[in-house]
Amino acid sequence: MLASLKRRCWGGLRRPVMVVMAIMQIPTTRVDKATFKQIFRDYGEAFWQRYGHYFRPEVRDVVAKMLGCGDLASGYSTYRCEHCHEVKRVAFSCKSSFCLSCCKVYIDEWVRHIGQTLYEGVSY
């Protein structure tokens, strides 16, 4: 997508050269967890039928785990307020590095580990 075109004539050369610069507009929208899951729900079965023989069986298990992440049907903990007796159910997470919300835990752990490994004052 070309957001705009700028034309510039560079002087200082024996003959002016016309340069066309294309400025790309990078989309700032992000794919959220629900959209990511919906893609797998909508197109996952057709994908597995066509390309499933290329993957190990564990890959299908990881995808199924990710699809059940945060779903009450996959399990939950129940909490009750002692004062108002309101009941709240909190769904279990999948704790998979493939899941967009659960992978944050793995990334934070990796950053912490690397931060302890690097030496101060050394440029990497």
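What is the accessible surface of the chain, and what share of it belongs to carbon and sulfur atoms? I found about 11200 Å², of which 58% belongs to carbon and sulfur atoms; the areas come from the Shrake-Rupley method with a 1.4 Å probe, and for residues only the protein chains shown count as cover.

**Basis.** I note that this is a predicted model, in which local features need pLDDT of at least 70 and side-chain atom pairs count only at pLDDT 80 or more, while totals for chains, interfaces and linings use all residues. Residues are numbered from 1 along each chain as its sequence is written, and side-chain values use heavy atoms, with hydrogens and water left out.

**Overall layout.** I listed 3 helices and 4 strands in the chain, taking helices (H or I, at least four residues) and strands (E, at least two) as DSSP runs numbered from the N terminus. Their order from the N terminus is β-β-α-α-β-β-α. Of the 124 residues, 11% count as buried; buried means under 20% relative accessible area, exposed over 50%, and partly exposed in between (1.4 Å probe, protein chains only). I then looked up contacts, defined as heavy atoms within 4.5 Å. Among those between residues at least 6 apart in sequence, 28% join residues at least 24 apart.

**Helices α1 and α2.** I examined how α1 (residues 33–51) packs on α2, and recorded an angle of about 150° with the axes 10 Å apart. The axes are lines fitted to C-alpha atoms, for helices over the stretch in contact, and angles run from 0 to 180 degrees between N-to-C directions. The two helices are therefore roughly antiparallel to each other, the classes being roughly parallel under 35 degrees, roughly antiparallel over 145, roughly perpendicular from 65 to 115, and oblique for the rest. The crossing of α1 past α2 is left-handed, that is, the near helix is turned anticlockwise from the far one by less than a right angle. From α1, the residues F36, K37, F40, R41, E45 and W48 meet V59, R60, V63, M66 and L67 of α2. I sorted the residues of this contact into 7 nonpolar, no polar and 4 charged. For this, Ala, Val, Leu, Ile, Met, Phe, Trp, Tyr, Cys and Pro count as nonpolar, Asp, Glu, Lys and Arg as charged, and the others, Gly among them, as polar.

**G75.** I located G75 in the loop between α2 (57–67) and β3 (76–80). G75 counts as buried because its relative accessibility is 18%. Leaving aside neighbours within four places in sequence, G75 is in contact with A91 and F92. Its C-alpha atom is separated by 8.6 Å from that of V90, 15 residues away along the chain.

**C99.** C99 lies in the loop between β4 and α3. Not counting residues up to four places away in sequence, C99 touches K33, M66, C69 and C94. The C-alpha atoms of C99 and K37, 62 residues apart along the chain, are separated by 9.0 Å.

**Positive phi.** Most residues other than glycine have a negative phi. I noted H85, which is not a glycine, with a positive phi of about 60°. H85 is in the loop between β3 and β4 (87–91) and counts as partly exposed, at 47% relative accessibility. I also noted K95, with phi near 55°. K95 lies in the loop between β4 and α3 (103–117) and is exposed, with a relative accessible area of 55%.
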